[in-house]
Amino acid sequence: MPLASAAPALLGTTCINQQGTIIANIPLQGGKFACQSVLKITEAGLYVIDFKNTSTIARFQHEISQESSTQQAATQGKNATDGIAPPDQALAQGSHKKQQTILLSGGLSSSADNPFMLRHGRIVSLQPGSYRLVTWLQSPYYLAAPSLVISELASYQQQSNISAATSLLLLGILLGLFSYYAILGALPGHLTERMYAIFIFGNLLFHAAALGVFNQFFHWHWFYLTGLPLLIANLAYVSFICHLLGINQFHRPRLYQLSLIASSLLIALIVLGMIFPDWMLEMSRLGIVIFLAFGLFCGLRLSAQRQIIAQLYLLTTIGFGILGMMVLNAANATQHIFSIEQLGLFAVTVHAILLAILVAYKLSRLHHEKEQLLVELQNTRSLALNDRLTGIPNRHALENKLLKLPLHGCLMFLDMDNLKHVNDQFGHEAGDMLLKLFSQILAHKLSEHGQLYRLGGDEFAILCHEDDVEWCQHQLEYTHLQLHKEGFSGVGASMGIVFAHEASDTEALLRIADKRMYENKRTRKNRKEMMQVLHP
């Protein structure tokens with residue numbers, strides 16, 4: 001039974017800094033470093049050398065050379081005491097031994113092509129044996145300490161496809177969220193969405209740069225895109241929190257003063273980052289601590305006041321903090337499918353989605369509250385302009401219409417006869433029924449030719465075109481007949497008519513109409529008395 005082939009291995013990795021001092025781990029503050037390893041290969045094939053933890057590396061170069069066991073032991077003994085030789089010396093040694101030396105370079109600031117999407121993997125063909133691997137690193141800063149790893153090409157290809165597809169999907173989600181909220185934030189009064197769009201855009205630039213998207217697709221090699229956008233995103237986040245939770249100088253002034261302090265600190269970090277660009281990522285990390293602390297404090301403070309938006313925001317922030325801790329722990333794991341940049345992108349995307357849901361929920365609540373206010377306003381306006389008993393427009397509505405009465409308009413004043421008699425004989429319920437019945441019948445018959453108004457008590461008014469006056473009079477007579485059929489005998493209405501051209505203002509119109517209505521009422525009363533005398 002054949003033995004399974006052993007996997008390629010990196011042994012005895014030792015790193016030194018620019019001063020020649022051996023270090024246990026490469027510091028995140030950046031600099032120039034060299035790491036030497038022994039590369040064990042048991043089977044000929046294609047292999048990939050990459051960095052397990054991070055992709056935020058400005059420049060790197062791998063130097064691979066094969067040595068005999070005697071030469072390797074001698075080299076290891078020498079390195080243990082003298083440190084790793086510089087590149088030119090190593091190349092000279094390789095030339096002296098007449099051995100082939102393989103050089104592989106790359107990085108975010110390098111113009112070298114990447115064979116794998118969003119990764120720094122480099123393909124090398126190796127035969128069985130032991131190799132000396134020296135990796136030279138130069139970077140202003142690192143997001144995580146670079147750690148070398150070697151894999152078989154097929155295995156690495158499968159893993160890189162998964163990680164690249166996942167990263168592109170997450171970047172696409174952030175791009176979609178940014179596009180939507182950028183359009184929404186461009187509208188007046190949408191400051192929350194505007195600040196949220198800036199926050200997403202800063203994180204989108206940061207992660208795209210850190211993963212090598214700009215380097216690979218657009219040939220942009222400015223390394224500090226991996227730091228500056230995040231500083232700006234941190235500042236936008238503080239403003240986003242204030243607008244989301246309703247924090248301003250008039251509402252919750254103490255929290256607003258705290259936001260000014262946080263914003264001032266973040267602005268100072270941006271300035272320092274521009275002055276000392278090699279410390280830009282450290283400034284970004286400190287900025288994240290500042291805005292998370294501010295967000296947690298505001299969330300806790302307002303959640304204690306039972307504000308639903310603050311409570312939901314607090315949950316999203318705590319969730320983001322948990323994801324962040326998981327990302328930091330994952331950076332030390334043995335797996336190398338995802339770098340810390342890709343894991344961080346996942347955490348930021350989840351946080352952005354949760355915040356988008358929260359912003360949408362707030363917009364929904366605001367829309368619902370606005371609809372309720374509009375309904376209440378409409379109801380209030382309806383109550384203000386309509387008579388409660390009959391449901392037709394009231395005196396206030398009539399006065400508003402009279403202000404816009406056309407030159408061919410006509411105002412007709414009506415005063416019901418014998419309403420007091422009905423109230424006295426049959427009660428106010430019967431009188432209210434009479435008023436409602438009169439309003440319903442006459443308003444329905446007037447239709448589009450006139451509008452009926454109740455001025456109060458037994459007084460009504462009709463607005464119509466001067467050509468429709470006779471029509472309205474006929475409908476009033478018809479209403480009298482219908483009231484008689486309903487048992488309200490002896491009930492009618494006196495009318496006073498005035499045309500728009502007869503008066504120069506509203507008060508004069510009302511006064512003339514009222515005067516003519518009472519004249520008509522006296523005439524009707526005298527005629528009725530005469531009829532009673534003639535027909536006792």
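Arg-59 stands opposite Gln-138 in β8. Strand β5 (residues 59-66) and strand β8 (residues 129-139) pair in the antiparallel sense over eight bridges. Pairing here takes at least two DSSP bridges between two strands. Strands are DSSP runs (E, at least two residues), helices likewise (H or I, at least four), numbered from the N terminus.

This is a predicted model: local features need pLDDT of at least 70, side-chain atom pairs count only at pLDDT 80 or more, and totals for chains, interfaces and linings use all residues. Residues are numbered from 1 along each chain as its sequence is written, and side-chain values use heavy atoms, without hydrogens and water.

β5 also joins strand β6 (residues 101-106), running antiparallel, through six bridges. There, His-62 stands opposite Leu-104 in β6.

Now the helices. α6 and α8 pack at an angle of about 10 degrees, with axes 8 Å apart. Axes are lines fitted to C-alpha atoms, for helices over the stretch in contact, and angles run from 0 to 180 degrees between N-to-C directions. The two helices, α6 and α8, are therefore roughly parallel (angles under 35 degrees). Their contact (heavy atoms within 4.5 Å) includes Leu-231 and Tyr-237 of α6 and Ile-288 and Phe-291 of α8.

α8 also gives the most to the lining of the largest pocket, with seven residues. A pocket is an open set of points on a 1 Å grid over the protein atoms alone, where a 1.4 Å probe fits, with protein on both sides within 12 Å along at least five of seven lines; lining residues have an atom within 4 Å of a point. The largest pocket is lined by 32 residues, and among those nearest its centre are Leu-143 and Ile-288.

Methods. Angles under 35 degrees count as roughly parallel, over 145 as roughly antiparallel, 65 to 115 as roughly perpendicular and the rest as oblique.
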